[in-house]
Every structure is written in structure tokens, then in C-alpha cells.
Amino acid sequence: MEVIDTHAHLNEIADLDGALERARRAGVGKVVSIGMEIDSNLSTLKLAKRFPETVSPAIGYHPWSIVPDRIDENVAFIEENLDHCVALGEIGLDYRAKVKKKVQWDVFFRLLGIAEQVDLPIIIHCRFSHERCHRMTRDAGIKKAVFHWYSGSLDILEKILADGYYVSATPALAYSQQHRLAMENAPLERILIETDAPVEYQGKVTEPADVLTTLNELSRLKRLHSSEVARITTANARQLFAIP
């Protein structure tokens, strides 16, 4: 039973060698490693070269990381290095971030334009900004996207699914009612599983092997055997990110 952790910040994990070995033993075949700004993007690309059989890189510019006088530098780095990546991300909007909304919108708009040109999937951070993120993504003509850790309303979820996009589930399924409700209403064929490691859930710091927690929670929610959920979500990830 192979699974893919479709969203982890590997550069932030202290014992990365140990974590990847534990992931391998747990049946995690691939990890999509996510960048947030130049430094983490560079680290992510280096990790993909160091662990080519395990790590698939994605580089982006996270709304938390936006610094107005470094926007051009970050966007240029992404443009120059996307050909080594399986996705553009993590990008998007966060209405609880300190960065002004207008600045976030402008950066997201620029990055959507890049994604549309290179025909790569995007990984979207959309905390408290689900409607705007979806509308901007759709209007930019993006064909392939995953709305990471989706916990928004069901009406926006319906639009996301109607446009052919994916949503992802995390270990928060164990306790977040809004996240559970969203995953309950999304078809399994449109769900990816992830950890967002090393995010801490209820006191536990995660690593890629903990994607099995997501798998098991989603299996209980869908009332399906974990092997079937693993098969479908792994196929979803391979299709979206063009992972052989």
C-alpha cells in the first residue's frame, strides 16, 4: 500500500534523514516538498537532488512570507527554477496574515500568470480567503490546482470541484469539524492526502510518515478500507503532479 504525502515542508524538519526513512518504512513512496520563499525554495530544490527517488519539489511564495521590497526577487527565482518542479506552490491568500490584502492579491495574480504559462499545477493556501482564491484561480485559466487543507464553505467547495480542482486532507480530520465536513462532501477522486509537516496537531509534531493518520481518518470518514483510499488518493496525486 503506497501513499504520497502531497504537502510537507521538509526543509523545516530537524531529523530529515530519519523522517524520510520512517516514511519509507510506513509506505510513503513520494513526498511533495513545499517552498515558501527564496531560502526555503532553494532548500527544497537541493533536497530533491539529494533524495531524487523520494522528494518531488514545489516552489512558491507563501502569503506569510511576502516582503514588499523582495517580491520581484522571489518571483524571478520561481520563474527561473520552475522547470525542476512538479508544481508551483505554496501560493495564495491568507486574510489573517499581516501582509495587506492588495499586496497579496497582486503577488497571487502574478504567480497565477506564471502557472498558466508553464502549465504546472498550483498548490493554494486559502485561509479565510476561499472564495477569492477560487475566483482568481478560475479567472486566470488555471486547469490544475489543489486547495490545500480545505476547510471552507460547501458552496465554494462545490465550485472548486465543478472546475476540476482538488482539495487536500490533513491530520486535522481527527478534530476539525469544518475540515471533516468538506472532505465528507468531496468525492474521493478529488482528494489528496498530506501532513503539512512539521505542523503540530493536538500537541504532536508531524513528519511525512504521519500521512497514514490522514489516510486512516479519511478512510473512516468515507467508510472505505484504507487500501482503497490509498489507491485512489495516490492515483490522484500521480495524475495531478505527473509523478511517474
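This is a predicted model: local features need pLDDT of at least 70, side-chain atom pairs count only at pLDDT 80 or more; totals for chains, interfaces and linings use all residues.

**Inside the core**

Modeller: Happy to! Leu111 belongs to helix α4. Leaving aside residues up to four places away in sequence, Leu111 touches Tyr61, Val75, Ile78, Leu88 and Ile91.

Now step back to the whole core. The largest nonpolar core has 67 residues, and Phe147, Tyr150 and Met183 have the most contacts inside it. Helix α4, residues 101-118, gives the most to this core, with 6 residues. Apart from this core lies another, of 14 residues, including Ile34, Ala58, Val146 and Tyr166. In soluble globular proteins, nonpolar side chains tend to be buried together.

Next, pick out Phe147. Among the residues it touches, beyond those up to four places away in sequence, are Ile124, Cys126, Ile160, Tyr165 and Val167.

Finally, turn to Met183. In helix α7, residues 177-185, Met183 is buried, as are His179 and Ala182. These three cover an arc of only 95° around the axis, so they lie on the same side of α7. Here is the idea to remember: an α-helix has 3.6 residues a turn, so residues three or four places apart point the same way. The buried residues of α7 pack against helices α6 (154-162) and α8 (211-222), and against strands β7 (166-169) and β8 (191-193).

Conventions
Residues are numbered from 1 along each chain as its sequence is written. Side-chain values use heavy atoms; hydrogens and water are left out. A nonpolar core is a set of buried Ala, Val, Leu, Ile, Met, Phe, Trp, Tyr and Cys residues joined through side-chain atoms within 4.5 Å. Buried means under 20% relative accessible area, exposed over 50%, partly exposed in between (1.4 Å probe, protein chains only). Helices (H or I, at least four residues) and strands (E, at least two) are DSSP runs, numbered from the N terminus. Contact means heavy atoms within 4.5 Å. The arc is that of the directions from the helix axis to the C-beta atoms.
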